[in-house]
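Colleague: I am new to this one and would like to learn how its descriptions are reached. Could you take me through them?

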Amino acid sequence: MKSVTRMDWRVSLHGGHSGPYCDHGSGELRDFLERAVELGFSAYGLTDHAPRLGEQYLYDKERGLGWDVARLERNFEAYAKESAILVREFADRLTVLRGFEAEVVPSDRYVDLMLDYRKRYDFEYMVGSVHYVDDVSIDGEVRDFERALATQGGLENLAIRYYQILTEMVDRLRPEVVGHLDLIRKRSGPYGPVDTPAIRDAAEKALEAISRCGAILDVNTAGYRKGLDTPYPAPWLVRRAWESGIGLCMGDDSHSPDDVGLDMDLGRAYLLELDVTEVTILTRAHGTLVQRRVPLS
């Protein structure tokens, strides 16, 4: 078997959405980690989605599979148990980090729910993401995005509200990692720009919250898979984060073993082109999760 050089920067802190626990994922968790070992990762973060407690939040595919909210909760508990086992199983080959990706629904009680999940299952870290704006999905079907546009009164208002919710989420959940900062870009293309002065001002406030919290910003290479020309976030946001001293990390947002590490070399080149010379990773020291800055070169 060909030997692989482990590279400190090759760490994903956002991914591991596997088939048994995520309707739009495939493959087994163990296969994700085997692939990370094969690619020379020094650490890999598992961050499956938290349950969305409300029938109105179920995806079409989940309904088609016969899943309900209770099934989502059972899946999440099973994920928590399996991920703990895999930490020990891979300990001599890979640092496996146990996390989950938070949801901001239901909007009136997500904070208590997410903090409870973290405590109940003893997760090491949290990826704070915003997939919903005032309980309407901006990450799913086009019809949902158009409903969010109508509800908010246009793209600029929607993007501003998105960043407001993200700012609140960071302040209240204090996640270690913030996921795909400008996810609002995913479906916005036909409707206009998401970098107007007013939107930039709202995004700046989100960056200030991230800085206050000491969170790391996910450079999410799934942007390429979604048809964008860069990862999340866009260059102007990366520059502002870097100038502000906010740590940046890689995230492959894997939903299958084949996604593990996908386009991370492109993501590295993207950061180097923006004069970003290092990333901030999470790793384990004496049983505690710590941040460490490592060079991209």
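Colleague: What makes the space of about 150 Å³ the second largest pocket?

Modeller: In this predicted model, about 150 Å³ of space lies in the second largest pocket. A pocket is an open set of points on a 1 Å grid over the protein atoms alone, where a 1.4 Å probe fits, with protein on both sides within 12 Å along at least five of seven lines. Its volume is the space filled by probe spheres set on the points, which are joined across faces, edges and corners.

Colleague: Which residues line the second largest pocket?

Modeller: Among them are Tyr-163, Asp-182, Arg-185, Trp-236 and Leu-237; a lining residue has an atom within 4 Å of a point. The lining divides into 7 nonpolar, 2 polar and 3 charged residues. Here Ala, Val, Leu, Ile, Met, Phe, Trp, Tyr, Cys and Pro count as nonpolar, Asp, Glu, Lys and Arg as charged, and the others, Gly among them, as polar.

Colleague: Where do Trp-236 and Leu-237 stand in α9, and what do the buried residues of α9 pack against?

Modeller: Both are among the buried residues of α9, with Val-238 and Ala-241. Buried means under 20% relative accessible area, exposed over 50% and partly exposed in between (1.4 Å probe, protein chains only). The buried residues of α9 pack against α6, α7, β8, β9 and α10, where contact means heavy atoms within 4.5 Å.

Colleague: What makes α7 a helix, and what span does it reach?

Modeller: A helix is a DSSP run of H or I with at least four residues, a strand a run of E with at least two, and both are numbered from the N terminus. α7 has 17 residues, 197-213, so it meets the definition of a helix. It reaches 24 Å from its first C-alpha to its last, close to the 24 Å expected; the expected span is 1.5 Å times one less than the number of residues.

Colleague: How do you know which face of α7 is lined by buried residues?

Modeller: The buried residues of α7 include Ile-199, Ala-203, Leu-207 and Ile-210. Seen down the axis, the buried residues fall within an arc of 155°, so they line one face of α7; the arc is that of the directions from the helix axis to the C-beta atoms. On the other side of α7, Pro-197 and Arg-212 are exposed.

Colleague: What covers the buried residues of α7?

Modeller: The cover includes α6, β7, β8 and α9.

Colleague: And how should I read the numbering and values?

Modeller: Residues are numbered from 1 along each chain as its sequence is written. Local features need pLDDT of at least 70, side-chain atom pairs count only at pLDDT 80 or more, and totals for chains, interfaces and linings use all residues, while side-chain values use heavy atoms, with hydrogens and water left out.
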